[in-house]
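Dear colleague,

I am handing over the structure we spoke about. Please look through it first; my notes on what was found follow below.

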Amino acid sequence: MTDLKKIDTYAKKWIKEASDRIKDSFSKELTIQTKSHANDLVTDIDQATERFFIEKINSVFPDHRILGEEGFGDDVQSLEGIVWIIDPIDGTMNFVHQQRNFAISIGIFEDGVGKIGLIYDVVHDELYHAISGEGAYLNDLKIPQMRKTKLAESILGLNATWVTENRRIDSSLLTPLVKKSRGTRSYGSAALEIVYVATGRIDAYLTLRLAPWDFAAGLIIIEELGGRATNLRGEKLNMLEGGSVFFANEELHDEIMKDYLHNGKW
Ligand code: 2AM
Ligand code: CA
Ligand code: CA
Ligand code: CA
């Protein structure tokens with residue numbers, strides 16, 4: 001049987017060590033490069049942090065595989081066995097511009113089933129953490145099951161990009177949703193926005209394009225708390241390819257899916 005507790009203990013230890021290194025980097029000059037376009041940033045610290053995890057995991061768990069954003073892990077084409085899905089810094093733009101509002105995100109899957117989710121808000125020293133079937137915690141405090149909300153009394157996590165003209169969704173579909181909600185927020189870190197949904201700071205998070213490392217850990221934490229995680233068509237999330245995502249408490253998920261997203265028929 002897989003020793004999840006052992007994996008969990010190491011993961012937590014490494015996340016704290018990685019976070020100390022990231023904080024040390026605040027006093028040094030960053031090397032910043034761009035990836036797919038001018039606003040898609042990556043720093044030497046994103047890369048060094050991913051490499052740090054890969055070295056540690058390979059040394060203790062040589063048969064585990066690693067899917068990481070910066071590409072230093074394995075060429076993961078299936079979720080067989082144990083797979084760590086890692087975003088070394090989620091919210092790189094915030095990391096560069098603000099030195100806050102970013103997180104380390106690690107989701108650990110066994111044969112495709114989410115087992116351990118860890119999201120660490122480095123600057124606030126807040127570790128959101130779940131082991132499947134054993135509850136979810138913010139540091140040592142148990143997070144209660146998610147409460148149900150109606151859209152009219154809900155705050156939505158939504159990036160303004162998607163309510164402007166874009167090629168992934170007809171933005172007029174989102175206008176009535178935004179109008180009916182109590183308000184919208186955008187924090188610039190998918191992992192943090194998902195745990196804000198988990199803890200009820202916001203009630204839903206929806207976005208049109210994420211990669212698996214953006215939501216792998218968050219998915220495990222949300223599901224542990226009775227929330228719903230799908231894409232914007234209401235389908236199961238694809239852990240190898242990513243796509244649109246929609247996280248919310250059950251009641252709000254139903255309301256938005258039915259009344260605003262036409263049960264995925266758009
Ligand atoms: P990152 O900082 O790890 O790149 C910002 O709204 C959120 O979207 C962050 O979680 C960010 O993760 C993610 N993001 C940024 N660029 C992206 C891209 N090209 N594809 C998918 N997710 C992206
Ligand atoms: Ca990135
Ligand atoms: Ca990310
Ligand atoms: Ca990242």
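How do the axes of α5 and α6 lie, and at what angle do they cross? Please keep in mind that this is a predicted model. The two axes come within 8 Å, and the crossing is at roughly 10°. Angles under 35 degrees count as roughly parallel, and α5 and α6 are therefore roughly parallel to each other.

From α5, the contact takes in Ala190, Ala191, Ile194, Val195, Val197 and Ala198. On the α6 side, Asp214, Phe215, Gly218, Ile221 and Ile222 take part. Sorted by class, this contact has nine nonpolar residues, one polar and one charged.

Now the sheet. Five strands make it up, in the order β11-β10-β12-β14-β13; the sheet is open and its pairing is mixed. The edges are held by β11 (183–185) and β13 (228–230), and each has a single partner strand, so one side of each has no neighbour in the sheet. From one strand to the next the twist averages 15°.

Within the sheet, β12 (residues 204–210) pairs with β14 (residues 243–248) over five bridges, in the antiparallel sense. Leu210 has Gly243 of β14 as its bridge partner.

Both helices pack on this sheet. Helix α5 (residues 190–198) touches β10 (155–157), β11, β12 and β14, and its direction makes about 155° with that of β12. Helix α6 (residues 212–224) touches β12, β13 and β14, and its direction makes about 25° with that of β14.

Regards

Key: Residues numbered from 1 in each chain as written. Chains lettered and ligands numbered in written order. Predicted model: local features only at pLDDT ≥ 70, side-chain atom pairs only at ≥ 80, totals over all residues. Heavy atoms only, no water. Pairing = 2+ DSSP bridges. Helix = DSSP H or I, 4+ residues; strand = E, 2+ residues; numbered from the N terminus. Axes fitted to C-alpha atoms, helices over the stretch in contact; angles between N-to-C directions. Contact = heavy atoms within 4.5 Å. Parallel < 35°, antiparallel > 145°, perpendicular 65-115°, else oblique. Nonpolar A, V, L, I, M, F, W, Y, C, P; charged D, E, K, R; others polar.
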